[in-house]
Amino acid sequence: VLDVGVGLRLLDLGAGTGKLTATLATLGHVTAVEPDPAMLTELRHTLPNIPALPGSAEEIPLPDASVEAILAGNAMHWFDMTTAGPEITRVLAPSGVLAGLWNVLDDSIEWVAELARISGPAVIGPRDTPASWRTQTAAIHLPAGFTPPDLAHFPHTQRRTADTLVATLATRAGVLVMPPRQRQTTLARIHAYLTSRPETAHGEFALPMLTSVLRTQRQ
């Protein structure tokens, strides 16, 4: 995604609680920008040595041409590119990189594809599998003056149990807005599926994931 060099100036845009920020800090000089006060407070507590500023993609609190790369982890689909596009262009140096990263489930694995079907679109929905991610990112209006985007997938795994995976899925927005009885039924159905599969029934397992990346460069 990046041509790493000494003194690389990076911006984590929509940084949340700083999971991506921590990795970027090993690659160069990173600044985090996050609009949510609670998340920003957690980021500052976790990474006290990282500059972390209130702001958004639509109002980036940095000078012109001040970074070589802007990265957004699971955030770019929220940007209003009508406003964010010119702001991104303003703070990004010539030939700088803009990249969005999303974690998705690898549904080329049969049991993962079945998990997505069992869970339903409110739980595993837009941008949560490679095909839906490609559809959703194709609709992102990139700023003028940038190269056509490159798309790539990088496989990895997360360690889960049936209980911890259900707990994670329970935090999805589509689940949180369900009526209580529907939420309980949905999560119970997912748990029953996971405890019925040989891949996931017995303790900890590796959940196949992909980090899907959209990368473009300022011309």
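User: Which residues does L214 touch, not counting residues up to four places away in sequence?

Analyst: Happy to start there, keeping in mind that this is a predicted model. L214 sits in strand β7, which covers residues 205-217. Leaving out residues up to four places away in sequence, its contacts are M76, L98, A99, G100, W102, W133, T137, L142, P149, D150 and L151.

User: How far apart in space are L214 and D150, C-alpha to C-alpha?

Analyst: D150 is one of the residues that L214 touches. The two are 64 residues apart in sequence. In space, C-alpha to C-alpha, the separation of L214 and D150 is 5.7 Å.

User: Among contacts between residues at least 6 apart in sequence, what share joins residues at least 24 apart?

Analyst: The pair L214 and D150, 64 residues apart in sequence, is in contact. For the chain, taking contacts between residues at least 6 apart in sequence, the share that joins residues at least 24 apart is 70%.

User: Why can the chain be called as compact as a globular protein of its length?

Analyst: Good one! The chain holds eight helices and seven strands. For 219 residues the globule rule gives 17 Å, and the radius of gyration of the chain is close to that, so the chain is as compact as a globular protein of that length, at 19 Å.

User: How far apart are the mean positions of the positive and negative charges?

Analyst: The chain carries 16 positive and 20 negative charges. The distance between their mean positions is 5 Å.

User: Which UniProt annotation covers residues 11-99?

Analyst: This span is 30% helix and 30% strand, and its end C-alpha atoms lie 10 Å apart. According to the unreviewed UniProt entry, the annotation for residues 11-99 is "domain: Methyltransferase type".

User: Where is A65 found, and what is its phi?

Analyst: A65 lies in the loop between β3 (52-54) and β4 (67-73). A65 is partly exposed, with a relative accessible area of 32%. Although A65 is not a glycine, its phi is positive, at about 50°.

User: What is the phi of R127?

Analyst: R127 belongs to the loop between α4 (110-119) and α5 (130-138). R127 is a residue other than glycine, yet its phi is positive, near 75°.

Notes
Residues are numbered from 1 along each chain as its sequence is written. This is a predicted model: local features need pLDDT of at least 70, side-chain atom pairs count only at pLDDT 80 or more; totals for chains, interfaces and linings use all residues. Side-chain values use heavy atoms; hydrogens and water are left out. Helices (H or I, at least four residues) and strands (E, at least two) are DSSP runs, numbered from the N terminus. The radius of gyration is taken over C-alpha atoms; the globule rule is 2.2 Å times the number of residues to the power 0.38. Contact means heavy atoms within 4.5 Å. Lys and Arg count as positive and Asp and Glu as negative; His and the chain ends are not counted. The place of a charge is taken as NZ of Lys, CZ of Arg, CG of Asp or CD of Glu. UniProt positions are given in the numbering used here, feature names are shortened, and annotations may be inferred rather than shown by experiment. Buried means under 20% relative accessible area, exposed over 50%, partly exposed in between (1.4 Å probe, protein chains only).
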